[in-house]
Amino acid sequence: MTQFHHEHRFTMITEPTDPFVLARELLEQRQTTEPTDATAMTLATADASGRPSARMVLLKGIDDRGFVFFTNYESRKSMDLAANPFAALCIHWAKAAEQIRVEGRIERVSDAESDAYFETRGRGSQIGAWASRQSAPLPSREALLDRVREIERRFEGRPVPRPEFWGGYRVVPERVEFWYGQENRLHDRVVYVRHGDGWRVERLYP
């Protein structure tokens, strides 16, 4: 039988007053213990008619306002978010048997935040952001590589600026759940629900 060992045991006395403290602490731990990228998470969106779609993105920050990721503002996910500015995230750490589930409204991060993150990306990724018309039909792989070569020539010998069509989103949560796997499926589930300027904390049945 699988054994689960966790640093945390939730109690109604010791939980942080907001979920961001705990989320940052867990992410820091899992970046050293998970065998694959601990920042990978599922992003679920819905279009104007309510039809959902989901994909993996990378978590690039947890601040006191929410959970941040970056993408092409002309992608399918961005079109969904423009029509229906709410999203759900699920961060799953398989080795630790832990999840963080986030639900809330979406806002764009500031241009300064997007610029600052873009500058940290490798040059190849910066070039790729310019070259990809994300989610649009692609006639061939060679067409993409041609665009990469074109962008490389355009910015040869100088820094690659952030495209206006590329930047960050922040999920501002209304609900954050922490899930810890336990034996016999008697999992630990604790949820933070936005309540005025603070949070209401509840334990859930597994």
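User: Which residues does Phe 165 touch, not counting residues up to four places away in sequence?

Analyst: In this predicted model, Phe 165 lies in the loop between helix 5 (141-154) and strand 7 (166-180). A touch here means heavy atoms within 4.5 Å. With residues up to four places away in sequence left out, the residues touched are Thr 71, Asn 72, Tyr 73, Glu 74, Ala 129, Trp 130 and Ser 132.

User: How far apart in space are Phe 165 and Ala 54, C-alpha to C-alpha?

Analyst: Ala 54 belongs to the uncovered face of strand 2 (residues 52-58), while Phe 165 sits in a loop. In sequence the two are 111 residues apart. In space, C-alpha to C-alpha, the separation is 21 Å.

User: Which residue stands opposite Ala 54 in strand 2?

Analyst: Strand 1 and strand 2 form a hairpin with five residues between them. The two strands pair in the antiparallel sense over seven bridges. Opposite Ala 54 stands Ala 44.

User: Which residues make up the covered face of strand 2?

Analyst: In a regular strand, side chains alternate between the two faces of the sheet. On strand 2, the uncovered face holds Pro 52, Ala 54, Met 56 and Leu 58. The covered face is made of Ser 53, Arg 55 and Val 57.

User: Which residues have the most contacts inside the largest nonpolar core?

Analyst: This core has 30 residues. The residues with the most contacts inside the core are Phe 67, Phe 69, Trp 93, Ile 100 and Phe 178.

Definitions and conventions
Residues numbered from 1 in each chain as written. Predicted model: local features only at pLDDT ≥ 70, side-chain atom pairs only at ≥ 80, totals over all residues. Heavy atoms only, no water. Helix = DSSP H or I, 4+ residues; strand = E, 2+ residues; numbered from the N terminus. Core = buried A, V, L, I, M, F, W, Y, C linked by side-chain atoms within 4.5 Å. Buried < 20%, exposed > 50% of the residue type's maximum accessible area, 1.4 Å probe, protein only. Pairing = 2+ DSSP bridges.
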